[in-house]
Amino acid sequence: MPISKEQRDSLATVAGETNTRGPRIDTLAIKWDGVNGELRKVASNGDLIPLKLPLELTFLKKRNVLKAYINDVSHFTSEYEYTSTIINLFKYDNGKTTFVDAGTPPQLRAKYPELKGTIQAYVLHEGDLCKIEIKGASLKSYLTFTDELDRGLKSFQYVTIVSGIGSGKKGAVSYKFMEFAHRDLEEAEFEEVKTRLDGITKELYEVDKFYAEKNLTRGEAPVVAAVPLSEEFDEVTEEIDPSDIPF
């Protein structure tokens, strides 16, 4: 009788050849519809829950991802916070995700100029840890909002409010984008924010560690940057153009 799949997996594990996926952080998703100007929360069972404005979110962590369609195939990188970190570029084609390349964000952008920056934000919404992508015109709006705040404030030290919906048009394409405001973080909210911030910081460390070790096996030396991106994410500001990604 041939050995079972579990036994084959066990042999691969002890051989150090387990082809595991990277660690994943369990979050709900908040999706922005730039055509209709709507926000929806995706529940764990897949249900879409419409969200009304103003919408209050506490941004615990903001990370960068580079994305593009290259030859009509979706490409995206692993998340990063530092411009000198080695990150991985993947492609998703025919239902399969495969590794393409590795390098620092500037290196990958030079090699694949189609890549554009987005913010992947881990946020608290009504006690739930959620993830929201901010890109295109909404990203430009967000960067303008953060630029007007006191630069000494970090995003986890106040509550971000999606306060309204702006609109724009480029050629025949009409689009909508999120507008932002903020309020002070209250003492009654402090302990939960501190606990959840500590948790997500540790989880993201494990994610980054996993991909750093993967890069070592590919001969890429992971770099721990001495200087992080600014709170305003200057590294992606230069590429925000609604004509490229209107929503």
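Predicted model: local features only at pLDDT ≥ 70, side-chain atom pairs only at ≥ 80, totals over all residues.
Biologist: How many aromatic pairs does a search of the whole structure find?

Modeller: A pair of aromatic rings is described by the distance of the centres and the angle of the planes. Rings of Phe, Tyr and Trp (its six-membered ring) pair if their centres lie within 6.5 Å; planes under 30 degrees apart count as stacked, over 60 as edge-to-face and the rest as tilted. Across the whole structure, the number of such pairs is seven.

Biologist: Is the pair of F59 and Y142 stacked or edge-to-face?

Modeller: The centres of F59 and Y142 lie 5.5 Å apart. The angle between their planes is 10°, so the pair is stacked.

Biologist: Which parts does the pair of F59 and Y142 tie together?

Modeller: Helices (H or I, at least four residues) and strands (E, at least two) are DSSP runs, numbered from the N terminus. F59 and Y142 belong to parts that are 83 residues apart in sequence. The pair therefore ties together strand β4 (residues 55-70) and helix α3 (residues 136-148).

Biologist: Is Y142 buried or exposed?

Modeller: Buried means under 20% relative accessible area, exposed over 50%, partly exposed in between (1.4 Å probe, protein chains only). Y142 has a relative accessible area of 0%, so Y142 is buried.

Biologist: How far apart are the end C-alpha atoms of α3?

Modeller: The expected span of a helix is 1.5 Å times one less than its number of residues. The 13 residues of α3 should therefore span 18 Å. The value in the model agrees: 19 Å.

Biologist: Which residues form one aromatic cluster?

Modeller: F145 is buried, at 7% relative accessible area, and Y158 is buried too, at 2%. The cluster includes both of these residues.

Biologist: With which side chain does the side chain of D101 make a polar contact?

Modeller: D101 sits in strand β7 (residues 96-103) and is buried, at 12% relative accessible area. A polar contact is a pair of N or O atoms within 3.5 Å; within protein, one must be able to donate a hydrogen and the other to accept it, and residues adjacent in sequence count only if both atoms are side-chain atoms. At 2.8 Å, the partner of D101 is Y112.

Key:
Residues numbered from 1 in each chain as written. Heavy atoms only, no water.
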